[in-house]
Structures are given as C-alpha cells and as structure tokens.
Amino acid sequence: MSETDVALRGLTKRFGDMVAVDNIDLDIPRGGFFALLGPSGCGKTTTLRMIGGFEEPTAGTIELAGKEITQQPPHKRDVNTVFQSYALFPHMTVAENVAFGLERKRVDKAERKQRVAEALDLVELGPLASRRPAQMSGGQQQRVALARALVNRPRALLLDEPLGALDLRLRKQLQLELSQIQRDVGITFIHVTHDQEEAMTMADTIAVMRDGRIDQLGTATELYEHPRTAFVANFLGNSNLVDAEVISSSGRYAEVDADGGARLKVPANAVAAAQSPQIRIGVRPEKMTLEAGNGQQLDGDSNALLGRIVDAAYIGLATQYVVHTEGGADLQIFVQNSSSRTSGLDEGDRVVARWDPEHTFVVEREEQHAG
Amino acid sequence: MRTPLDRLRDSLLGVWSVGAVVFLFVPIFVIVLFSFNDNQGRFNFTWQGFTLRHWADPFGVEGLQQAFVTSIGLAALTTVIAVILGVCVALALVRHRWRGRGATGGLVFLPLATPEVVLGAALLGWFLTLGFIRGFVTLVIAHVMFTLGYVVITIRARLEGMDVHIEEAAMDLGANQLTTLRKITLPLLAPGIAAASLLSFAISIDDFVVSNFNAGQTVTFPLFVYGASRQGVPPQVNVIATAMLLFVILLMFVNLGFQRRAARRQNRELEPTPALGL
C-alpha cells in the first residue's frame, strides 16, 4: 500500500441542521489522481473546501503528509486549489497571477521568473504571459488557474469541478491533458466532479459520495463491475436491478430466486458480503444478450430471464431494448450494432435475456434513493 | 417604409428632447453667464454688461475664501473618514456572518431615508445634550453620518459582484488576510472606492440643511451663499460655482478618455492568436 498523503478522520461538517459531510474516514494515496464523485449536494465540494481550509470542520481531523492541519488557515497549508470559477486575479497579468504564490513564499526573483515560465510552458500558455484574464477564453483561463496552483509545487492539488464551465469538446481534451500533467508532475490530485465519465477517464481511485458519506471507494473498473450499492450501480452508468433471495451457496456460485421464480447464479463471493439473504442483484445493460424464444431452451451456464420487448430504440452504435420480464421487472439491454444485420427483434416479441453469471453483482437492499 | 406620421413623430421627439435639455440647463447657463455680469451695487439679477473683473478676483468678497476653503476641507475629511468606515462596514456586511448583521445592513441606510431637516435637528439636539461645541468637528461628524450610507451602498454593490473565490485563491496561494486585503480586495474595489469618494465629496460640499443646524460659528460655502443671498449674492459666488462646474466637466472628460483607452487596448489584445486556438 502506498503512502497516504491526505487523511480524513471522522470528518464532519454541519450547516445548521443540515449535515453536509457526515463522519468521513478517507486515506488519499500519495501521487495519485483521486476523484470525489457525486451528485450536487453530496458534500464533495465541502470536503474539498475543508481540506483547503476554507471551511472549518464541525468535527474530525485532517492530516496532510502525516501532520494534522485541521486548525491551520489556508495560507499555511501546503495545498493549492483550482477553483471552479478559476478565480484569477483580474487586475494582474497571467504571469503576475502565476507568480503570486511564489512571491508570498519569498522565492527570489530569478527563480520566480524561471518557475513561472516553466509552469506556463507546462500548460502551453508561454506566449500569453502578459495578457490579462479577461482577454482569454475559458479554456485558457482554466490553464492559468492550473499553472498558478502547480507552480507552488504543493503536496496536494485540489480541483473543484475545474472543467465544469467548459464545453464538451474542450472538456474532453483537458481531461486528457490534466491526467498527462498529473503523471508528469507526480503531485497528488484531488478532483471533485459530478461527471462520472470525467472521474472514470482521469482518476486512479474514485470515492463515490452520497448524502455526506462515501458510498464506495475503488478504481473505475471496480466501481463499474462490482458496485456495492444501488446508488453506485446507477450513478456510474446504467444498471438493471432486481430483488432476489439467496437459496443456496456452494462452490463458485450461489443460487438465488429472483423475478418471481427464476433461478439465477451469482458469484458466491459477492453474496458472502451481504448482510441478509434478501438482496438485490444487478447486471449492466451491455452485458446482456437477447434472443427470440419462449423459454423452452433455458439451461446451462448462463443466467436467463424471460420477457417481452416493450420498447426498441436504435441509437446508432447500439439498439436499446426495454424488456418487461415475467416477474414484472423492466430490463434495459444494449445490443451493439456490430454487423449490418439487425437482430430482427421488435416490440412485442417474446425474448430470452441472457448474461454470464460472472457479470452479476450484488447490492444491499435499501430504501430506494432518487438519482 | 417611413410614413409622414413617423417623420412627424421623430421631429416632435427631437423638439421635446431639446426642450427637456434646455429646461435642465438654463439655470446653470444663467449662473455661468452672470459670473461675467458687470453689475453695479449689491444685486446681480439684471444683465448690465460683460466683464472679467469677478474672475480676476474670485475671492474679492469678505468671508468667501474662508467659506470655500472650509467646505473643501470639510468635504475632503468627510470623504476620507466615510470611505474608510464604509469599506469596513461593507466588508463586514458582505464577507462575514455575525449577530446583528441584518439590523446593521438596514440601519446604515436610515440616514438616507430620514428628511434632512429632521436629521439636522436631531443631531443638534444630541450635540447640545452631550455638550459638544458646535463647529468644524460637529460638521464632520454630521457629514460622515449622512454620507456613510451612500458609501456603503456603492462599495457593497461592488463587493457583492466580486467572486469570493478570488480572495480565497489569494489565501490559498499563501497570502494572509492583510496581504489579501492589500493586494486583492482593495485593488478590485478601487472603482467602487473612487465612485464612493466622488459621491460623498459631492454630497458633503453641497449640504446646507444639516450644516445649518450644526455649524456653530463655522461657515461653509453653501452657508455663505445663503447668508449673502439676503443682501444680494455677489457675482464671485457665480465664479466659484462656474469654476466647480468646469472642474467636474474636466473630470468627466478625463474619465471618458481612460475608458476609451482601456476599451481600445482590450479590443486590440482580444484579436485571436493563430498559435493557440483555444
């Protein structure tokens, strides 16, 4: 396990009666790209602002590189922030903006000049050093904000939805550039976003937040392939979730009873973590296949549910089906249009939806959350 | 297609506009004109010929120079105090949360809504009760009181339009609160501070009602003019008024020049650079 850079212990923030951040424990590893992902109001920005020193925690502690910094004011913390609004100093040139932090640290003039130039080269803004922020585009301003923070070589860089204000094309480009820069400089990046694709593109580790708590922590693959809550399953991509009850567990797979009588197989280790036999199982829409039929041929190694197509929508690279199962669930199924031949399936057809048991995940049953 | 009715409406609109401007500017024009009046005797109400003698000797009336200097000093001191206090009040109201914040925000504007006569009389009552000797000091206190509200309104508007994250960014980059105030907040507030200064200076130098209650033996320019008017306003008053008018017009042109230059520079630098398409 790598060294911890930022450690949160029981971190809590209340605004009046509202609990924004609820007793979070988190270790953010050194030198990685870490994302706090969640819908608006989940407490991710408040968490970041507490690390930056802009909000005082109601309870709990924050450690940076092993030293507690909970009570330190922002200007004494060895972290720098890239704000969502960029927050560039409008009365200073780009070079003056970038030099601001070095001046505060009393870095001598020659070194300051060199480091400012390096930082601007890193974000490819060298030629625009004498401009003012108002004379630049959003993407350029974002790069200045990044250079202004990175030039100080902080222990950790905090990014508060830094790409939120940019258009889609530029956002995609900057996502790749940000990951590249992070690898180049090796500084810990802590990135706050509500965009699951952005988090999955850039981050090594993602913490999915909901209602002030961390729902699940893991790599993009872990979160997508093995979500542990219905919220994570739905927030990162689409999921089909059905209630199920564990009947037996032996060997590699557990057998569950789901969707009003169907017997399905679920990886045994996924079931083992569940608190009770009453669980929900899930499968991603693109992991399923469809074939015409009424269930005569149900057998073998795959999981299968019978149903009827109630909606079919051609969306270019895939066709998106909604299948109403015999047990009353609606399943979303994506069938890739990889050949010119269409599947020949249409609304009203009786079908069998199949998937590999390995692709089945298990989430806790809980009150249904919106979102 | 323009119909004759459209043309008629346009020409009527022109006449109406000219009329409105004339209505507004005739009194000012009369003041300027009569600063050149070669008046005989105490009165300066009828045109009796052109002269430059009042302009050659603007302070030729006893007490006028003293009153003018008093007014300038009073307005300057009032402005300095009101702007310093006003910036503090505005910062406290916008950037901090504290008990009594809402009440303060409302009460600061109360002097603006109070009739000046009431304000002047009430201040007089207090000064008498507290045993203050009325004079320059009581004038400064009174003027700061009724200009403060304007300063707070102006600075607060500017501060509310300012992204709070800019100040946070400064602190994030290692600036303590004082450095942030000095390097970031105050420079960004500068246009608001300039506007508030001009406003409070103009309101202070113009004030008659409140000053009349609280001046004691001190005579400001408006008080002098009022006193003089009972026996005929000397043309030198018109000279001073005209000079102040010219000064204000000059300031306006200087300001306009700055704005044009800033706009031109911005336009020039906004042209796209071919190397960076972003």
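Helices here are DSSP runs of H or I with at least four residues, strands are runs of E with at least two, and both are numbered from the N terminus. With that in hand, hello everyone, and let's start with chain A: it comes to 9 helices and 20 strands.

A quick word on conventions. This is a predicted model, where local features need pLDDT of at least 70, side-chain atom pairs count only at pLDDT 80 or more, and totals for chains, interfaces and linings use all residues. Residues are numbered from 1 along each chain as its sequence is written, while chains are lettered from A and ligands numbered from 1 in the order in which they are written.

Back to chain A. Its C-alpha trace spans about 80 × 50 × 40 Å along the principal axes. Of its 371 residues, 43% are buried, that is, with 20 or more other C-beta atoms, placed from the backbone, within 10 Å of their own.

Now chain B. Its mean pLDDT, the predictor's confidence in each residue from 0 to 100, is 88, and 95% of its residues reach 70 or more. In residues 271–278 of chain B, though, pLDDT is below 50. Where pLDDT is low, the predicted coordinates should not be read in detail.

How do the chains meet? The complex gets an ipTM of 0.80 and a pTM of 0.80 from the predictor. In the model, 20 residues of chain B are in contact with 23 residues of chain A, contact being C-beta atoms, placed from the backbone, within 7 Å. On the chain B side, α8(B) gives the largest share, with 6 residues.

Notes:
A residue is buried if 20 or more other C-beta atoms lie within 10 Å of its own, exposed if 12 or fewer, and partly exposed in between; C-beta atoms are placed from the backbone. Two residues are in contact if their C-beta atoms, placed from the backbone, lie within 7 Å.
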